Amino acid sequence: MTRLGKLDPVTLLALPAVAYLGLVYGLPLVGLLARSLMVEGTLSLASYTRFLSDPFSWTVIGNTLRVAAGVTLLCLFIGYPTALALARAKGAAQALILVAIILPLSVGVVVKAFAWQIVLRRDGVISQLLVGLGLWDAPQRLLFTETGLVVGAANVFVPFMILPIYSVLKLVDPRLTEAAATLGASPLYRFLHVALPLSLPGIVTGIAFVFSMATSMYVVPSLLIGDRFQTLATLTGRSFLFMRNEQLGSTTAVVLLILSVAVVVASAALSRRFGGAS
């Protein structure tokens with residue numbers, strides 16, 4: 001009691017939340033890690049050795065990272081101009097853009113995935129549009145393809161790219177680009193050497209959010225590409241739900257957790273670097 005009395009009041013207020021997070025999140029993760037290390041009642045790395053020595057496992061890891069990278073790049077390509085427009089908009093225009101970004105978050109991921117099943121099929125909107133533009137000679141199916149998965153997942157995660165970038169861009173003094181313009185800098189030069197470097201912390205945060213969520217998505221790949229294309233998240237769910245192989249499921253879950261934590265740690269390091277540089 002004496003030690004608790006010496007703690008900062010803010011720390012005391014945080015203790016219940018910390019205890020709750022430890023109980024709800026920390027304890028299951030510890031159990032998952034312990035289950036992956038238990039082989040026939042003894043601690044062993046045999047499950048990880050077996051998993052990492054299987055070429056199929058590296059295919060699954062490659063699928064996970066490739067799709068996550070594609071989703072992240074597409075979200076960045078769409079999200080940065082949107083965040084820039086949002087930061088520069090005023091009044092009703094800004095409110096309208098914000099509503100357009102935030103309102104889709106209220107729609108469930110399952111609903112969005114089923115909607116993209118309709119959009120990506122052979123007679124869907126995208127196929128008909130590309131045929132109309134002359135890019136395709138005949139309608140083609142994007143559903144159950146990796147491209148369709150990347151497009152559908154990007155639609156789900158793009159708000160998490162836009163909002164961090166916008167939160168940084170709105171703090172950038174517009175007079176900086178105006179000053180560069182008075183010195184004769186072209187619009188491209190002003191963007192590459194003024195706006196882009198100042199927005200890097202938001203870009204790094206957005207990339208961390210989207211990449212972490214894209215590596216762990218389960219519902220979107222299950223509905224848009226099916227079981228023939230396995231990622232770490234879908235393999236984890238399949239191991240627990242269908243194969244009843246808790247050893248494999250816990251192992252793949254820990255590998256996925258390590259990848260996600262590595263992304264968060266790397267993004268935090270980059271954010272501190274860019275924050276210090278600015």
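## Reading a predicted helical chain

A: Let's open with contacts: in the protein chain, 69% of those with a separation of 6 or more are between residues 24 or more positions apart, where contact means heavy atoms within 4.5 Å. This is a predicted model, so to speak of local features we need pLDDT of at least 70, side-chain atom pairs count only at pLDDT 80 or more, and totals for chains, interfaces and linings use all residues. Residues are numbered from 1 along each chain as its sequence is written, and side-chain values use heavy atoms, with hydrogens and water left out.

Q: How many helices and strands does the protein chain have?

A: Helices (H or I, at least four residues) and strands (E, at least two) are DSSP runs, numbered from the N terminus. Here the protein chain has 15 helices and two strands. Its C-alpha atoms fill a box of roughly 70 × 70 × 35 Å, taken along the principal axes.

Q: What share of the 278 residues is buried?

A: Buried means under 20% relative accessible area, exposed means over 50%, and partly exposed is in between, using a 1.4 Å probe and protein chains only. Of the 278 residues in the protein chain, 34% are buried.

Q: What does Ser260 touch, once its neighbours within four places in sequence are left aside?

A: Look in helix H15, residues 246–277, to find Ser260. Leaving aside those neighbours, Ser260 is in contact with Ser212 and Thr215. With a relative accessible area of 15%, Ser260 is buried.

Q: And where is Ile97?

A: Ile97 belongs to helix H5, residues 91–102. Its relative accessibility is 25%, so Ile97 counts as partly exposed. Skipping neighbours within four places in sequence, Ile97 is in contact with Ala85, Leu86 and Ala89. Ile97 and Thr82 are 15 residues apart along the chain, and their C-alpha atoms are separated by 8.5 Å.

Q: Now for helix pairs: at what angle do H4 and H9 pack?

A: Axes are lines fitted to C-alpha atoms, for helices over the stretch in contact, and angles run from 0 to 180 degrees between N-to-C directions. H4 and helix H9 (residues 159–169) pack at about 40 degrees, with their axes 8 Å apart. Angles under 35 degrees count as roughly parallel, over 145 as roughly antiparallel, 65 to 115 as roughly perpendicular and the rest as oblique. H4 and H9 are therefore oblique to each other.

Q: Which residues make the contact of H4 with H9?

A: On the H4 side they include Thr72, Cys75, Leu76 and Gly79, and on the H9 side they include Met161, Ile162 and Ile165. To sort them by class, Ala, Val, Leu, Ile, Met, Phe, Trp, Tyr, Cys and Pro count as nonpolar, Asp, Glu, Lys and Arg as charged, and the others, Gly among them, as polar. That contact has 12 nonpolar, three polar and no charged residues.

Q: How are H10 and H11 turned, roughly parallel or roughly antiparallel?

A: The axes of helix H10 (residues 175–182) and helix H11 (residues 187–198) come within 10 Å and cross at roughly 165 degrees. That angle makes H10 roughly antiparallel to H11. Leu176, Thr177, Ala180 and Ala181 in H10 meet Arg190, Val194 and Leu198 in H11. By class, this contact of H10 with H11 has five nonpolar, one polar and one charged residues.

Q: What about H11 and H12, how do their axes cross?

A: The axes of H11 and helix H12 (residues 200–216) come within 4 Å and cross at roughly 55 degrees. H11 and H12 are therefore oblique to each other. Leu196, Pro197 and Leu198 of H11 make the contact with Leu200, Pro201 and Ile203 of H12. Sorted by class, the contact of H11 with H12 has six nonpolar, no polar and no charged residues.
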